[in-house]
Structure formats: C-alpha cells, structure tokens
Amino acid sequence: MNREELHSDHFNYNLPVERIAKYPLANRNASKLLTYANGTIGEDVFSNLKSHLPKDAVLVFNDTKVLAARLYFQRKTGAKIEIFCLEPFKLTVEQALTSKSACEWQCMVGNLKRFKDGEILELSIAGTILKASIVERRFSDVIIRFEWDGNVEFSDILHEAGEIPLPPYLNRETELADQENYQTVYAKNEGAVAAPTAGLHFVDSQLTDLQKGGHELAYLTLFVGAGTFRSVKADKLVDHDMHQERIVITRNTIQQLADQQDKIVCVGTTSLRSLESLYWLAVKIHETKNLNELFVSQEDAYKLAGDWNWNEACNYLLHVLDKTGKDKVDFHSALFIMPGYKWKAINGLITNFHQPKSTLLALVSAWIGPDWLKVYDYALKNDFRFLSYGDSSILLR
C-alpha cells in the first residue's frame, strides 16, 4: 500500500476510557513492559528492561524539560482566561525564558472570545505584576505579549505562577505531584509543553545500571509541542498537516552516534523523530548546498534521494559544523513517519501506547508493520495501561 492509500482509519482501535492511566505508578519503573522481537510478543516489568536490550545498545534520550506553561488570568469582569504558552515568538526558548522585562509567545487561549484586542490582563506574582495583551490573532494560535517589572526572569515567573500542562486526554486538573511525575529524571533543557513520556519510566539507579552493563546513553533535545496531542482529522494520512518542533543535537552526540547504526535504541518517538530528521537534514543541506537550511518538511523524507547510510550523514553534518564554526545542530522538523518510510538510524524503540488515529501510531506501524494490531490487542487484553502515564513497550525488528 502506498502513502496515498493510507487512511486515518487504518490506525484506529477501540480504547476504553478506563484503560487510560490518569496517574503514574508510585514506582516509575514498576510499570509493565510489553516486549516485541522477531514478531513474538511477551511481557515483563520495566525494571528488567536491560534483559531485553540488544548487546551494547546505545539508548538515545530526549532531555527536554516541561515548562509550567499554563497561566491563568482573570478579567475585571470576573471571566477567567487561560493562556497556554506554546513557543516563543521571534526569540529562542533560552532568550524568552531569560528575558527580564518582556517577551512574546505563540499561545493557545482558553475563553479567547472574552479576551478583547487592546485589553491588558494582569496577574499578581510575588515581586511583580505580569501583564498580557494580544498582539495578533492567527488561525491556530494567538501571539501574546507579556510585560513585567522587577528584574525577574520569565522562567521564574512561570515557575511561580505557571502550571504543568497535562495532556487533555487525562481529563483532570494538574496536581502538585505532577510537577515531579510529569518530568523525566534526566530532564535538563526547559522548553517543552509535553513530556517525552517513554522516559518517565526510568529512575536514576536504572540509568547507572544500564551503563555498568555495557550500554551507552546519549542525549538530544526535542522541545515537544502541543501538536503531539493532535489526532489525524483528515481522511487521507498524507493530507494531515504535521506539526513542527525544534530539535537540538550537539556535535558530541552526533560523534557518539555516528558509527552506531546497528545499536541505536530510541527512548520515545521524540528521540526517534530527532535522529531520523537529523539524517534528512544532512541530505537536504547537501542537495541544496545551503548551510543555513534548518528545516525538514513532512515530505522531505519521501522526495529527497536519501542514498547515504547513517554514518555518512553524521559525518557530513560534522563537516558542516566545522565549516560554520558551530557546536550543535539546531533546526525544526515536521517529519511525518508513516508506513512506507525508509528507516535510516534506529534499531529499536521504547515507547508507551498511543492514541487511536494519531501520527505516533502511524509511526509505530511504520516501524513494526501490521503487527502493531497484535501488539495493541495484546496490551488491551492483558491489562496494560495506556497513554502518557501508562505502561511501556520495547519494539525490536
């Protein structure tokens, strides 16, 4: 079946609401682990993950940290306005979070019809008053300008007044425990609005144990956006407008992964998309001869030649970094992986169980083929917990 024949219904299944895990387990790595290798399905607990990894595997983690990105304002009339900060506008995440007076963000706004153009909302925070006003109303988001006094960084304002944005399908209010539970233990680079949830199962002692067992750990950053929760509304998969996200991968990580194609196991779909996007970025820069080409579209993987192997792509990007004098690759990607995709980097995937009719489920189908139906049927029949706070799987081809 070619891509044009793929429909969103091909990635649908019945997910009873009671199978969605509203809360994590008290012990992160006590969750169940579905194992899939050579077409055979089994199960274990996540703390035994190392028993199911290939020898000397290189595990790739997304070290992004979730922002307390949801702010609540109140109009003078009493109406509540929720502002969900998605991504800085015309600034990097680092610039926006360290700003001490003003910054603009792309936002989703709850109760937007009550928020008038020209109106200034105010939120009192210890030491300052945060002001919010509409700069521009766009098709899918709103540009909000924030202003404040007091020599306070915007990151401190979010930590003080913001709320961790839980996925909408959990259908509950954020609780104090979510501030810790909805972050991986290795979270480092702040800027995501959703957690790379496959990594939520790891604990520090397990990471240490994996290294002692001969496995390597590598880290990159993909700032997960709210678009990761969007289901596919279009009938044909190719008609879905894939969201784009920012990816940062250092020279050291590229060097670490360059000769490891047969050993790479991605922790989560975000790590997977980062590495596959990195490959296509190398090809695109080479074909366009434009060293400033820093975007991978959802069609590039299906239109570019892609004749290099993984090692060649990594070495080319290291050459580009030498020429530009940079120490990291910082780009955006809207890569849409679906059945028919030609894999370039990975050898295994650790991932949770995804929503019906989602781009992430299409990705899983691209990785293990029609067997995704058997995997999900097994998980449903054997009491696995689904979605962000749910159980995990390791999928080896």
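Predicted model: local features only at pLDDT ≥ 70, side-chain atom pairs only at ≥ 80, totals over all residues.
User: What volume does the largest cavity have?
Analyst: The largest cavity has a volume of about 270 Å³. It is lined by 22 residues, and those closest to its centre are Tyr169, Thr197, Thr228, His354 and Leu360.

User: What about the second largest cavity, which residues line it?
Analyst: Its lining consists of Leu222, Glu245, Ile247, Arg273, Ser277, Ser333 and Leu335. Two or more of the lining residues come from each of β13 and α6. The volume of this second cavity is about 30 Å³, and its lining has 3 nonpolar, 2 polar and 2 charged residues.

User: Turning to pockets, what is the volume of the largest one?
Analyst: The largest pocket has a volume of about 720 Å³. Of its 24 lining residues, Leu86, Asp141, Gly227, His243 and Gln244 lie nearest the centre.

User: Which element gives the most to that lining?
Analyst: Strand β6 gives the most to the lining of the largest pocket, with 3 residues. The elements that contribute two or more residues are β6 (80–88), β7 (102–110) and β13. By class, the lining comprises 10 nonpolar, 8 polar and 6 charged residues.

User: And the second largest pocket, which residues are closest to its centre?
Analyst: Asp63, Asn189, Thr221, Val248 and Thr250 are the closest, out of 17 residues that line the second largest pocket. The volume of this pocket is about 270 Å³.

User: Which elements supply at least two residues of its lining?
Analyst: For the second largest pocket, these are α1 (93–98), β11 (189–192), β12 and β13. Its lining has 7 nonpolar, 4 polar and 6 charged residues.

User: Let us look at β13. Where does Arg246 lie, and is it buried or exposed?
Analyst: Arg246 is part of strand β13, which spans residues 245–250. Its relative accessible area is 9%, so it counts as buried.

User: What does the side chain of Arg246 make a polar contact with?
Analyst: The partner is the side chain of Glu94, at 3.4 Å. Beyond residues up to four places away in sequence, Arg246 touches Thr92, Val93, Glu94, Thr221, Leu222, Phe223, Asp330, Phe331 and His332.

User: Changing topic, which residues of helix α4 are buried?
Analyst: In α4, residues 204–212, the buried residues are Gln206, Leu207 and Leu210. Because they cover an arc of only 100° around the axis, they sit on the same side of α4.

User: Which residues are exposed on the other side?
Analyst: Asp204, Ser205 and Lys212 are exposed there.

User: What do the buried residues of α4 pack against?
Analyst: They pack against β3 (58–62) and β12 (216–223). Just after the helix, Gly214 takes a positive phi of about 95°.

User: And helix α10, which residues are buried there?
Analyst: Trp372, Val375, Tyr376 and Ala379 are buried in α10, which covers residues 372–381. Their arc around the axis is only 90°, and therefore they lie on the same side of α10. On the face turned away from that buried side are the exposed residues Lys374 and Lys381.

User: What do the buried residues of α10 pack against?
Analyst: They pack against strands β1 (32–37), β2 (40–45) and β17 (348–352), and against helix α9 (359–368). Just after α10, Asp383 takes a positive phi of about 60°.

Terms used:
Residues numbered from 1 in each chain as written. Heavy atoms only, no water. Buried < 20%, exposed > 50% of the residue type's maximum accessible area, 1.4 Å probe, protein only. Helix = DSSP H or I, 4+ residues; strand = E, 2+ residues; numbered from the N terminus. Arc of directions from axis to C-beta. Contact = heavy atoms within 4.5 Å. Polar contact = N/O pair within 3.5 Å; in protein donor to acceptor, adjacent residues only side chain to side chain. 1 Å grid on protein atoms, 1.4 Å probe; cavity = no way out; pocket = protein on both sides within 12 Å on 5 of 7 lines; lining within 4 Å. Points joined across faces, edges and corners; volume = space filled by probe spheres on them. Nonpolar A, V, L, I, M, F, W, Y, C, P; charged D, E, K, R; others polar.
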